[in-house]
Amino acid sequence: MTTTKTARELAETYFTAWEEGDFEALRGLLAADVDFAGALGTASGVEEALAGLKGLGQVLEKIDVKVRVTEGDEAITWFDLHTSVAPPTPTANWMHVEDGKVTRIRVTFDPRGLLAGFERQN
């Protein structure tokens, strides 16, 4: 028997996998044609989306989820993104789910701290 994860379950698994650096688990959550748009860029398809998550994953220290709200196939997660290069960054992530996979992700936050931190690294 196969069970399809709800938007809430997918969002919880997504953030846990990303925080743990489990990119194979992330791959299994994303639709092949997942569409991502955020403050630091866009990605089309699972490979580009994973590349972006891996890139930010190199400085990711912790994801401190404040609240998650779901309605049907939509999940919004509000969290503080803790990295090694910037102060905690308040972030909103909206996901749309179809057939048990994440098909669309939109992320918004003030990128100035992260951009300055990346520049200091170079």
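This is a tutorial dialogue on reading features of a predicted model.

Colleague: What should I keep in mind about the model before we start?

Modeller: The model is predicted, so local features need pLDDT of at least 70 and side-chain atom pairs count only at pLDDT 80 or more, while totals for chains, interfaces and linings use all residues. Residues are numbered from 1 along each chain as its sequence is written, and side-chain values use heavy atoms, with hydrogens and water left out.

Colleague: Let's begin with helices. What span is expected of a helix?

Modeller: The expected span is 1.5 Å times one less than the number of residues. Helices here are DSSP runs of H or I with at least four residues, strands are runs of E with at least two, and both are numbered from the N terminus. Take α1: with 14 residues, α1 reaches 20 Å from its first C-alpha to its last, close to the 20 Å expected. For α3, the 12 residues should span 16 Å, and its end C-alpha atoms are 16 Å apart, which agrees.

Colleague: Which residues of α1 and α3 are buried?

Modeller: Buried means under 20% relative accessible area, exposed means over 50%, and partly exposed lies in between, using a 1.4 Å probe and protein chains only. In α3, the buried residues are Val 46, Ala 49, Leu 50, Leu 53 and Leu 56. Seen down the axis of α3, these fall within an arc of 130°, so they line one face of the helix; the arc is that of the directions from the helix axis to the C-beta atoms. In α1, the buried residues are Ala 7, Leu 10, Ala 11, Tyr 14, Phe 15, Ala 17 and Trp 18. Their arc, seen down the axis of α1, is within 165°, so they too line one face of their helix.

Colleague: What follows α1?

Modeller: Gly 21 does, and its phi is positive, near 70°.

Colleague: And how should I read a positive phi elsewhere?

Modeller: Most residues other than glycine have a negative phi. Asp 99 is worth a look, with a positive phi near 50° in a residue other than glycine. Asp 99 sits in the loop between β5 and β6 and is exposed, at a relative accessible area of 79%.

Colleague: Now the pockets. How much space lies in the largest pocket?

Modeller: The search uses a 1 Å grid over the protein atoms alone, and a pocket is an open set of points with protein on both sides within 12 Å along at least five of seven lines. Grid points are joined across faces, edges and corners, and the volume is the space filled by probe spheres set on the points. In this model, the largest pocket holds about 340 Å³. It is lined by 22 residues, and the closest to its centre are Phe 36, Gly 52, Leu 53, Leu 56 and Val 107; a lining residue has an atom within 4 Å of a point.

Colleague: Which element gives the most to that lining?

Modeller: α3 does, with five residues. By class, the lining of the largest pocket has 15 nonpolar, six polar and one charged residues. Ala, Val, Leu, Ile, Met, Phe, Trp, Tyr, Cys and Pro count as nonpolar, Asp, Glu, Lys and Arg as charged, and the others, Gly among them, as polar.

Colleague: Let's turn to contacts. Which residues does Phe 109 contact, leaving aside neighbours within four places in sequence?

Modeller: Contact means heavy atoms within 4.5 Å. On that basis, Phe 109 is in contact with Ala 39, Leu 40, Thr 89, Pro 90, Thr 91 and Leu 114. Phe 109 is in strand β6 and counts as buried at 13% relative accessibility.

Colleague: Is Ala 39 buried, partly exposed or exposed?

Modeller: Ala 39 is partly exposed, with a relative accessible area of 37%, and lies in the loop between β1 and β2. Not counting residues up to four places away in sequence, Ala 39 touches Val 107, Phe 109 and Pro 111.

Colleague: Where does Thr 103 lie?

Modeller: Thr 103 is in strand β6, where it is buried at 15% relative accessible area. Leaving aside neighbours within four places in sequence, its contacts include Ala 31, Asp 33 and His 96.

Terms used:
On a 1 Å grid over the protein atoms alone, a cavity is a set of points where a 1.4 Å probe fits but cannot get out, and a pocket is an open set with protein on both sides within 12 Å along at least five of seven lines; lining residues have an atom within 4 Å of a point.
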